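Student: I would like to go through this structure with you. Could we take it one topic at a time?

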Amino acid sequence: MAPSTKIFSLEGRGLKLDTAEDLEAHIADLRAIDDLEEVHMLGNTLGVGACKLLGEVLATKKTLRVANLADIFTGRLLSEIPDALSSLLTSILNLPKLNTINLNDNAFGLNTQAPLVAFLAAHVPLQHLYLNNNGLGPHAGILIADALSELHVKKEEARKKGQDVPHLETVICGRNRLENGSMAAWAKTFKLHNQIKEIKMVQNGIRQEGISHLLSEGLRHTPKLQVLDLQDNTFTLLGAKALAAVAPGWEEIIELGVGDSLLGAKGGVVVAKALGKGKNKRLQILRLQYNEITAPGIKALAEAAEEALPVLKKMELNGNKFMEEDESILKLQDLFERRKEEHGGDVVFEDDWGLDSLSDLEEESEAEEEEESEEEEEEEVEEKAEKMIKEAEEAQKQPVAQEKDKEVDELAKKLAQTAL
């Protein structure tokens with residue numbers, strides 16, 4: 001009798017599956033599930049033979065919705081990954097309900113991205129994409145973003161034929177060194193996929209010019225956005241102004257993360273005043289740690305929280321430059337306590353409410369803040385634009401590995417040409 005569950009999982013088993021025979025010993029249940037909806041392979045390591053067999057089995061599962069293939073190449077040679085990845089992605093390309101792909105924590109980089117790029121450009125059902133910690137770099141980042149732009153074209157073509165096609169709703173692409181050089185490509189992608197709901201691009205080495213471009217040219221066009229996390233990139237006043245200009249358009253935003261982003265004293269005030277316009281009434285969580293925000297910024301945030309953010313329940317402010325006894329901090333603490341009592345319900349998780357621990361506050365240095373802000377304002381817009389263009393061109397010119405696998409290229413082309 002077939003298993004009653006619709007989920008197959010080998011998650012976290014730490015299996016080393018080199019060949020088809022190695023995998024076969026573990027997938028009897030997978031073969032038996034006729035109405036499979038989810039497969040979870042993360043936390044094992046798969047060779048080419050195992051991936052080929054897994055792909056062949058998954059290709060028969062027309063009801064599959066979620067493929068979690070995170071962290072499946074640990075310890076594999078760089079030369080193994082392209083063939084293994086191609087075998088998997090080629091096999092699952094035509095699954096009509098497969099809307100969620102998780103490839104987190106796999107070392108792709110520039111040398112092994114071809115099969116992934118071809119798949120992303122062609123898999124019309126894609127709705128949720130998880131590509132976190134893949135070592136992409138700016139050049140591969142451009143290729144991934146361009147593939148998603150091409151995917152938008154394919155989705156529109158399918159809709160014109162009367163097909164029910166989901167919008168791309170989730171892109172998680174953090175810890176990938178995307179840098180400024182890929183931001184023009186990503187801005188274009190998000191402008192096209194303008195029904196997107198969740199974007200997380202943390203710790204990507206994106207500087208203020210890239211952040212400003214991403215916000216102004218891309219995320220400005222995403223009115224359905226609910227979660228945005230750009231933490232651990234560099235905003236400065238330039239990025240803060242871009243965020244302030246765009247944020248009022250996100251009327252459905254629930255969580256906004258710009259912690260550890262060097263907003264600065266003036267930037268903190270600019271962002272707070274933008275949130276104070278009353279256009280983000282669904283915002284619940286605001287992450288602003290380690291941004292050199294000073295007392296005026298905290299005051300503006302307290303005013304915004306009280307008057308314009310009626311359901312805000314969590315704000316992270318540790319690591320900024322103000323006193324813990326600041327009057328505005330006390331007002332925020334009182335405000336969140338009242339809201340917790342009124343709306344927290346019978347079971348309250350304390351970590352979901354209030355301010356974070358303020359154990360790492362810095363001393364304010366007004367002269368330093370003023371100097372940094374003035375330097376930021378002195379840089380001309382034209383110079384920033386030229387800088388962005390130059391970095392994008394440099395990213396495009398990065399050399400591909402000398403020993404490029406011709407078979408991988410052929411597989412990628414074959415994959416790209418496969419019709420749904």
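Student: Is V171 buried or exposed?

Tutor: V171 has 1% relative accessibility and therefore counts as buried; buried means under 20% relative accessible area, exposed over 50%, and partly exposed in between, with a 1.4 Å probe and protein chains only. This is a predicted model, in which local features need pLDDT of at least 70 and side-chain atom pairs count only at pLDDT 80 or more, while totals for chains, interfaces and linings use all residues. Residues are numbered from 1 along each chain as its sequence is written, and side-chain values use heavy atoms, with hydrogens and water left out.

Student: Which strand holds V171?

Tutor: V171 lies in strand β8, residues 170-172. Strands (E, at least two residues) and helices (H or I, at least four) are DSSP runs numbered from the N terminus.

Student: What is V171 in contact with?

Tutor: Leaving aside neighbours within four places in sequence, V171 is in contact with L129, W186, F190, I196, E198, I199 and K200. Contact means heavy atoms within 4.5 Å. The C-alpha atoms of V171 and I196 are separated by 8.1 Å, and these two residues are 25 apart along the chain.

Student: Turning to the core, which residues touch the most other members?

Tutor: In the largest nonpolar core, which has 107 residues, these are M41, L120, W186, L215, W250, M315 and L317. Such a core is a set of buried Ala, Val, Leu, Ile, Met, Phe, Trp, Tyr and Cys residues joined through side-chain atoms within 4.5 Å. Helix α6 (residues 137-160) gives the most to this core, with 7 residues.

Student: And what does W250 touch?

Tutor: Not counting residues up to four places away in sequence, W250 touches L215, L219, T222, P223, L225, L228, L243, L256, K279 and N280.

Student: New topic: how do the axes of α3 and α4 cross?

Tutor: The axes of α3 (residues 48-58) and α4 (residues 81-92) come within 8 Å and cross at roughly 5°. Axes are lines fitted to C-alpha atoms, for helices over the stretch in contact, and angles run from 0 to 180 degrees between N-to-C directions. The two helices α3 and α4 are therefore roughly parallel, the term for angles under 35 degrees.

Student: Which residues meet there?

Tutor: From α3, V48, C51, K52, L54, G55, E56 and L58 meet D83, A84, S87, L88, S91 and I92 of α4. By class, this contact has 7 nonpolar, 3 polar and 3 charged residues. Here Ala, Val, Leu, Ile, Met, Phe, Trp, Tyr, Cys and Pro count as nonpolar, Asp, Glu, Lys and Arg as charged, and the others, Gly among them, as polar.

Student: What about α10: how many of its residues are buried?

Tutor: Helix α10 is mostly covered, with 9 of its 12 residues buried; among them are V269, V271 and L275. From first C-alpha to last, α10 (residues 264-275) reaches 16 Å, close to the 16 Å expected at 1.5 Å a residue. The expected span is 1.5 Å times one less than the number of residues.

Student: What do the buried residues of α11 pack against?

Tutor: They pack against α10, β12 (285-287), β13 (314-316) and α12 (327-343). The buried residues of α11 include I298 and L301.

Student: Finally, where is D105, and what is its phi?

Tutor: D105 is in the loop between β6 (100-102) and α5 (114-122). Although not a glycine, D105 has a positive phi of about 60°. Its relative accessible area of 38% makes D105 partly exposed.

Definitions and conventions: Angles under 35 degrees count as roughly parallel, over 145 as roughly antiparallel, 65 to 115 as roughly perpendicular and the rest as oblique.
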